[in-house]
2 protein chains.
Amino acid sequence: MTDSPRRAPVTRAGATPAGRRRLRRALAAAAVDLFVAKGYEATTVDEIAAAAGVGRRTFFRYFDAKDDVLFANHDEIVAEMEDAFAVADPDRDPVETACATVSLVLDSYAAELDVSLKRFTLTRTVPSLRDKEVATVDRYQRVLARYLRARFAEQGDQAASLRADVAAAAIAAANNHVLRRWLRSGGQDDISATAAEAFALVVDAFRPANEAAETTVVAVMTTSTPLHAVIAKVNAALTEK
Amino acid sequence: MTDSPRRAPVTRAGATPAGRRRLRRALAAAAVDLFVAKGYEATTVDEIAAAAGVGRRTFFRYFDAKDDVLFANHDEIVAEMEDAFAVADPDRDPVETACATVSLVLDSYAAELDVSLKRFTLTRTVPSLRDKEVATVDRYQRVLARYLRARFAEQGDQAASLRADVAAAAIAAANNHVLRRWLRSGGQDDISATAAEAFALVVDAFRPANEAAETTVVAVMTTSTPLHAVIAKVNAALTEK
């Protein structure tokens with residue numbers, strides 16, 4: 001986490017995957033600065049390319065359009081999420097796994113605080129960028145839903161598809177809530193604490209019914225039982241599963 | 001509910017609020033037909049206006065752009081939702097109220113099955129229209145969140161804002177799930193039954209904690225208690241609150 005990402009030199013940066021990522025980020029950072037300084041509509045692709053030290057054609061090797069540049073690393077994040085799901089612990093609660101995975105989005109925002117804050121301002125003031133952001137969230141929400149659907153179906157849930165869609169939306173909303181709150185604080189809030197609270201709410205809401213109910217323990221004993229034996233018996237009953 | 005909405009004559013239809021609504025719908029229906037027949041990109045505003053029997057300038061009195069026409073009645077639905085929330089029973093569970101209110105969206109889709117089915121095909125095949133639809137959902141989701149936030153705060157929920165965002169997303173996702181399933185069935189499925197199941201899942205997930213836990217009843221009695229007295233005692237314990 002750093003609030004002033006190092007801008008790598010972009011010359012011939014596109015030669016390697018890492019160089020391509022750097023160039024994408026340099027274009028994104030230049031675009032955000034220009035959008036904030038001149039306004040989104042008034043900024044041209046030529047200006048963005050020039051500010052990143054490349055030509056217009058290079059810009060279009062990386063992005064389809066001006067509004068794509070604002071969510072430059074979205075494809076990367078979605079790919080990371082897919083990788084995380086592929087190696088996830090199959091014994092863990094699927095909703096917990098999905099929450100842990102979606103926090104990759106939080107990490108990526110936190111890693112580029114300066115760009116994230118400027119983008120936050122832009123999405124609140126330019127309706128078309130807001131719509132673009134919403135579409136971006138919808139895309140990773142669908143990745144979450146696909147994972148959850150498969151896991152719920154394995155668990156024999158007859159309504160796996162419905163439950164997965166609803167839980168995925170809840171997880172994405174919790175993630176966005178945390179993100180917006182953190183950005184409103186200028187990146188100063190403790191994002192991990194807010195995230196833990198938000199994801200706990202979602203995990204509780206979608207906990208399988210049999211785990212949600214507390215088990216009641218009834219201890220039966222005579223009045224002559226010594227206190228230490230009562231405590232031992234109650235403790236054993238409370239800790240056994 | 002009808003699968004072939006009557007197309008009212010549009011001449012001078014804009015003179016009254018009802019006439020304006022009819023004209024909006026006529027433009028929307030004409031646009032959807034053209035988008036399906038010729039493709040979205042290839043259809044011009046002039047063609048849409050001509051097909052509805054009006055001029056280009058009239059089109060732009062009703063819509064800002066070509067892609068707005070596909071979600072022509074969205075503003076109406078959002079206004080109806082706001083009205084419904086204003087008169088909602090304050091003693092009803094807020095999540096239940098929100099589910100009942102969002103079903104206005106289902107009603108509006110069901111009332112224009114032909115347009116709804118064509119729009120469904122378009123949003124699945126034209127990415128920019130899919131994004132537009134997602135943005136539309138986001139807008140009513142925010143109306144739901146605002147209502148829930150106020151109600152949860154009244155109930156003293158310290159995390160009202162988080163809970164409202166998450167529940168609103170879950171409700172919108174349940175609604176979309178029902179809608180997509182119904183549209184995939186060509187409007188043949190029983191939409192009310194699917195909606196009831198989907199909203200029950202959401203209401204259960206966000207039920208206040210004190211209602212979610214079952215109360216365990218422990219009946220203590222001696223072996224000499226007659227069966228009818230046991231039954232009466234157990235029944236009394238199970239039904240008291």
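The axes of helix H5 (residues 94-111) and helix H7 (residues 127-154) of chain A come within 10 Å and cross at roughly 155 degrees. This is a predicted model, in which local features need pLDDT of at least 70, side-chain atom pairs count only at pLDDT 80 or more, and totals for chains, interfaces and linings use all residues. Residues are numbered from 1 along each chain as its sequence is written, chains are lettered from A in the order in which they are written, and side-chain values use heavy atoms, without hydrogens and water.

Q: Why are H5(A) and H7(A) called roughly antiparallel?
A: Angles run from 0 to 180 degrees between N-to-C directions, along axes fitted to C-alpha atoms. Angles over 145 degrees count as roughly antiparallel, under 35 as roughly parallel, 65 to 115 as roughly perpendicular and the rest as oblique. The two axes cross at roughly 155 degrees, and H5(A) and H7(A) are therefore roughly antiparallel.

Q: Which residues of H5(B) and H7(B) make the contact between these helices?
A: In chain B, the axes of H5(B) and H7(B) also cross at roughly 155 degrees. The contact (heavy atoms within 4.5 Å) involves, among others, Pro94(B), Val102(B) and Tyr109(B) of H5(B) and Tyr140(B), Leu144(B) and Phe152(B) of H7(B).

Q: What makes Ser108(B) buried?
A: Buried means under 20% relative accessible area, exposed over 50%, and partly exposed in between (1.4 Å probe, protein chains only). Ser108(B) has a relative accessible area of 16% and is therefore buried. This residue of helix H5 of chain B touches Asn73(B) and Ile77(B), not counting residues up to four places away in sequence.

Q: Why does Arg92(B) count as partly exposed?
A: Its relative accessibility is 35%, so Arg92(B) falls in the partly exposed class. Arg92(B) lies in the loop between helix H4 (74-86) and helix H5 (94-111) of chain B.

Q: What joins the side chains of Arg92(B) and Glu96(B)?
A: A polar contact of 3.4 Å joins them; the term requires a pair of N or O atoms within 3.5 Å, one able to donate a hydrogen and the other to accept it.

Q: What rotation superposes chain A on chain B?
A: A rotation of 180 degrees with 0.2 Å of shift along its axis does so, with an RMSD of 0.4 Å. That is the relation of a two-fold axis. In chain A, the C-alpha nearest the axis belongs to Ala205(A), 2.1 Å from it.

Technical notes:
Helices (H or I, at least four residues) and strands (E, at least two) are DSSP runs, numbered from the N terminus. Copies are superposed by least squares on the C-alpha atoms of residues with pLDDT of at least 70 in both.
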